[in-house]
Amino acid sequence: MIPGATFGGIVLIIFAIAIDLVVGDPRSLPHPVVLMGRFISAFERLWNRGTAQQRRVSGFLLTTIVVGGVWAISWLALALLERLHPGLALIAELWLLSTALAIKGLGDAARAVIQPLTQGDLPAARKALGMIVGRDTQNLDEAEITRGTVETVAENTVDGITAPLFFALIGGAPLALAYKAVNTLDSMVGYKNQRYADFGFASAKLDDLANWVPARLTALCLWLAGLLLSLAGVVRLRWQGALWGTFRDAPRHPSPNAGWPEAMVARLLGVQLGGTNVYQGVVSHRATLGEPFEVLRVSHITSTLRLMHGAWLLFMLLSVVVIAGMSFIFKGLL
């Protein structure tokens, strides 16, 4: 099994990215995240009961078992395959790494909103947006549909792309999948409502910790992507002042991490994200990010997808540079 933080590991990750870009997540193949979700759901029904303290302890145990178990099973499976034949371990790690990524899936989901929105088919655009967000979409206009899509692509650039890459570079497929377990736990039980506030406490805090560095690195890569795209004349973006604006806006987001990519995208596009959302009929007010220099429209989704691709490409490029520098320093010390 090839470790992540080597040139061999980088090559493996690049091939995994290529697989994800071409194949995505075919429904005919079992997906690790689906299996994680079934396990979490079954144990949530069994363990999410009792006093607040008991729920916190049960939630901590579930988090530990799921995250630790995913890492251990992945590592052991790859180690056993390595003993059978190195080629089997290589193929398995490639597949596991590709399942941790969602580049194609995120792009396809955004384009599923772009197509009907471009044609003026708001009901179809609302339905497509409803597949990727938790908010109510049935009454949204074009600007709000665009806002929801842009926010989702910006936030999931971290959850679905750069954070898995970050952990894959550190510890290969086992650590990347352990991160996906953290992310899946948070998406299922990490809510601050009556049912999950205590049971999902450990999951939510671990997700905050796991995404802290990737979120900020992603914001930087989004800014660099915006700068390069602007200089190349691909799209006009407001990269000047976006860094300072993001540092000011990001802490206002209710999530300690999601605000960084969302605020950066808002600043680069010259639009305002955040505001009022409705979840199952309950109105939720969030701080706004960015300034409304432009009215949100469908072209902003396309620009966000360009920023998304630019960000993960730059993230990989910078990773190669950092690992090369570390290798050079290490060899010099020896």
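Which helix among the elements of the protein chain has the lowest mean pLDDT, and which the highest? In this predicted model, helix H11 (residues 299-333) has the lowest value, 87, and helix H10 (residues 259-269) has the highest, 98. Here pLDDT is the predictor's confidence in each residue, from 0 to 100, and helices are DSSP runs of H or I with at least four residues, numbered from the N terminus. The protein chain averages a pLDDT of 93, and 96% of its residues score at least 70.

Residues are numbered from 1 along each chain as its sequence is written. Local features need pLDDT of at least 70, side-chain atom pairs count only at pLDDT 80 or more, and totals for chains, interfaces and linings use all residues.

Buried residues (under 20% relative accessible area, 1.4 Å probe, protein chains only; exposed is over 50%, partly exposed in between) in H1 are Gly9, Ile10, Leu12, Ile13, Ala16, Ile17 and Asp20. Because they cover an arc of only 160° around the axis, they lie on the same side of H1; the arc is that of the directions from the helix axis to the C-beta atoms. On the face turned away from this buried side are the exposed residues Phe15 and Val22. Just after H1, Gly24 takes a positive phi of about 75°.

Technical notes
Side-chain values use heavy atoms; hydrogens and water are left out. Helices (H or I, at least four residues) and strands (E, at least two) are DSSP runs, numbered from the N terminus.
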